[in-house]
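Me: Please examine the structure below and answer some questions on its architecture.

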Amino acid sequence: MDMAKKKIGKYVHRMPVSNKYRPINKSKYKGDPTNIIFRSSWEKIVFKYCDLSPAVLQWSSEEFFVPYRSPFDKRIHRYFPDVWLKYRNKDGIITQSVLEIKPKKYTKMPPKPKRVTKDWKYTTEQYIINQAKWEACEAYCKKRDYKFQIITEDVLKHWSTIQPL
């Protein structure tokens, strides 16, 4: 019993935040408003903003996919971006954007440590996979005249800096 508590305690800080988001403005959500799942507290913040901001006309979460080729197995996979939104920008022009909410450590290649660890290897693999996903998503967005933006904790810390909302 004592050993089980030790193992559980070791991983509690890594447990993801995940739950259903219940929108106040259900008509703004493009998709099933009863099945909006946030996988982090950061996603919940963005969902709440999309739901409550008068500038956002319509939004969705993981309702469409972008095919991408994995650099590891060379097979086609499906990438579901975190948020799509349609909004009126500060100039009054209706614009559409795709947002990806991601920790900053997965947006930059981690420096190689003196001793290679499992965490470093995992973080490096996530970085490489994310690059393939984002390149495919940028091409997808360019074809549709959407904007693509990666939202990290730095942007969420200064919420007012999220462009172009």
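Predicted model: local features only at pLDDT ≥ 70, side-chain atom pairs only at ≥ 80, totals over all residues.

Residues are numbered from 1 along each chain as its sequence is written, and side-chain values use heavy atoms, with hydrogens and water left out.

Me: In what order do the elements of the protein chain run from the N terminus on?
Reply: Helices (H or I, at least four residues) and strands (E, at least two) are DSSP runs, numbered from the N terminus. The protein chain has four helices and eight strands. Their order is α-β-β-α-β-β-β-β-β-α-β-α.

Me: Within what arc do the buried residues of H2 fall, seen down its axis?
Reply: Buried means under 20% relative accessible area, exposed over 50%, and partly exposed in between (1.4 Å probe, protein chains only). In H2, Glu43, Val46, Phe47, Cys50 and Asp51 are buried. They line one face of the helix, because their directions, taken from the helix axis to the C-beta atoms, fall within an arc of 135°.

Me: Is Asp145 buried or exposed?
Reply: Asp145 lies in the loop between helix H3 (118-144) and strand E8 (147-151). Its relative accessible area is 69%. Asp145 is therefore exposed.

Me: How many Å apart in space are Asp145 and Ser97, C-alpha to C-alpha?
Reply: In sequence, Asp145 and Ser97 are 48 residues apart. In space, their C-alpha to C-alpha separation is 8.8 Å.
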